[in-house]
Amino acid sequence: MDKILISDLLVRAIIGVNDDERHKPQDVLINVALNTDTRRAGASDDLADTVDYGATARRIVALAEGSRYFLVEALAEAVARLCLEDSRVEGVWVRVEKTRALRYGRAVGVEIERRRTDA
């Protein structure tokens, strides 16, 4: 299966269980791989024949920045569901990372994979 990649999408979101995390947005890094068939778009060179990664990225940013999840797991699930709303996306891989969650680490996060058939 072909993949459309959205890499290192940096958003500011309210996420976390600690009191200080509930009031101030923090940096969250989102990566997505959309499983889709790109052959038609490759032959036609027409945006209408593929998943619009720009529109998808804007929707992910709006979702994340408008959310107030406690867990990165919940945000990752929401991003996966959003991506699967496009009928051309057969599956999705999502990584969500809080970039300043640990004093001695670069990031903490989760990776999930969901398929249209999972729903």
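Asp-49 is buried, with a relative accessible area of 16%; buried means under 20%, exposed over 50%, and partly exposed in between, using a 1.4 Å probe and protein chains only. Its salt-bridge partner is Arg-40, with the closest N and O atoms 3.3 Å apart. A salt bridge here is a side-chain nitrogen of Lys or Arg within 4 Å of a carboxyl oxygen of Asp or Glu. Arg-40 is exposed, at 62% relative accessible area.

The model is predicted: local features need pLDDT of at least 70, side-chain atom pairs count only at pLDDT 80 or more, and totals for chains, interfaces and linings use all residues. Residues are numbered from 1 along each chain as its sequence is written, and side-chain values use heavy atoms, leaving out hydrogens and water.

The protein chain has three helices and five strands. These are DSSP runs, with helices (H or I) of at least four residues and strands (E) of at least two, numbered from the N terminus. Their order is β-β-α-α-β-α-β-β. Of the 119 residues, 43% count as buried.

The structure holds ten salt bridges. One of them joins Arg-12 to Asp-27, at 2.8 Å between the closest N and O atoms. Arg-12 sits in strand S1 (residues 2-15) and Asp-27 in strand S2 (residues 26-36), 15 residues apart. Arg-12 is partly exposed at 36%, whereas Asp-27 is buried at 15%.

Glu-21 and Lys-98 form another salt bridge, 2.6 Å from N to O. Glu-21 lies in the loop between S1 and S2 and Lys-98 in strand S4 (residues 91-98), so the pair ties together parts 77 residues apart in sequence. Both Glu-21 and Lys-98 are buried.
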